[in-house]
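Keep the viewer open as you read, and take the points in order.

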Amino acid sequence: MAAVLLLVVALVALGSGRGDAFDPNPLQDFCVADTSSKVRVNGVSCKDPAAVVPGDFFFAGVDKPGGTVSKHYAFSALPVQIPGLNTLGQSHVRVDVPPGGVFPPHYHPRASETAVVLEGSVYFGFLASYPDNRLFDKVLRKGDVFAVPQGLVHFLYNNGTEPAVLYATLSSQNPGLVLLADTLFAGALPDDLLAKTLRSGNDNHIVEIIRRKFGRP
């Protein structure tokens with residue numbers, strides 16, 4: 001079963017490669033990221049091809065959780081940092097979600113996403129754009145894959161009893177991440193604007209209560 005899941009991951013990654021990427025196509029075989037360069041381009045400057053080694057196309061550690069842990073939502077995200085993917089229009093991440101944890105409604109402004117479940121199960125879905133706001137959702141289990149079109153709001157929720165692990169591939173080197181609730185309530189939008197957005201009239205008290213939960217005074 002492990003071999004089958006690895007094959008699924010490989011096919012998902014292949015399907016999210018150059019042909020489907022939204023980033024510009026490369027003009028050479030590879031452009032390994034030179035992280036020491038101070039030159040700023042749309043991506044990262046290329047390492048001297050003569051200095052490129054097999055390790056530039058390798059990452060170890062996807063078999064274990066790691067990376068950034070969200071204290072509010074409980075998920076952790078481990079970026080798969082492979083220098084050889086520079087300019088190839090893709091990025092990868094392992095996501096771990098404990099029972100009861102969520103990756104809340106969010107979107108990637110510059111990327112579509114495909115995610116494969118490696119362990120456990122999650123409730124996963126996305127919303128079509130306004131005015132339909134149609135919900136496309138599924139309960140995903142081990143071995144299942146779900147695709148999210150570019151820029152659409154999506155989410156996942158581990159409403160089961162076992163930890164869940166997913167491997168996601170995004171069609172941009174820098175997909176961006178906008179967490180909707182955090183952007184609205186932890187940001188600098190005026191309270192009265194948010195009150196009207198929530199259709200609470202001129203009652204800013206509701207906004208103040210929510211904002212305190214997001215660390216705003």
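With which side chain does the side chain of Lys 47 make a polar contact?

1. The partner is Asp 56, whose side chain makes a polar contact of 3.0 Å with that of Lys 47. Please bear in mind that this is a predicted model.

2. To find Lys 47, look in the loop between strand S2 (43–44) and strand S3 (68–69). A polar atom of the Lys 47 side chain also lies 3.4 Å from the backbone oxygen of Ala 51. Lys 47 counts as partly exposed because its relative accessibility is 24%, and buried would mean under 20%.

3. Leaving aside neighbours within four places in sequence, Lys 47 is in contact with Val 32, Ala 33, Asp 34, Val 52 and Asp 56. Val 32 is 15 residues away along the chain, yet the C-alpha atoms of Lys 47 and Val 32 are separated by 5.4 Å.

4. Now for the chain as a whole: it has 4 helices and 13 strands. Of its 217 residues, 38% are buried. Among contacts between residues at least 6 apart in sequence, 68% join residues at least 24 apart.

5. The largest nonpolar core holds 23 residues, and Val 122, Phe 124, Leu 156 and Leu 166 touch the most other members. Strands S5, S7, S8, S10 and S12 each give two or more residues to this core, with the largest share, 4 residues, coming from S12. A second, separate core has 5 residues, including Val 80, Val 116, Val 165 and Tyr 167.

Methods
Residues numbered from 1 in each chain as written. Predicted model: local features only at pLDDT ≥ 70, side-chain atom pairs only at ≥ 80, totals over all residues. Heavy atoms only, no water. Core = buried A, V, L, I, M, F, W, Y, C linked by side-chain atoms within 4.5 Å. Buried < 20%, exposed > 50% of the residue type's maximum accessible area, 1.4 Å probe, protein only. Contact = heavy atoms within 4.5 Å. Polar contact = N/O pair within 3.5 Å; in protein donor to acceptor, adjacent residues only side chain to side chain.
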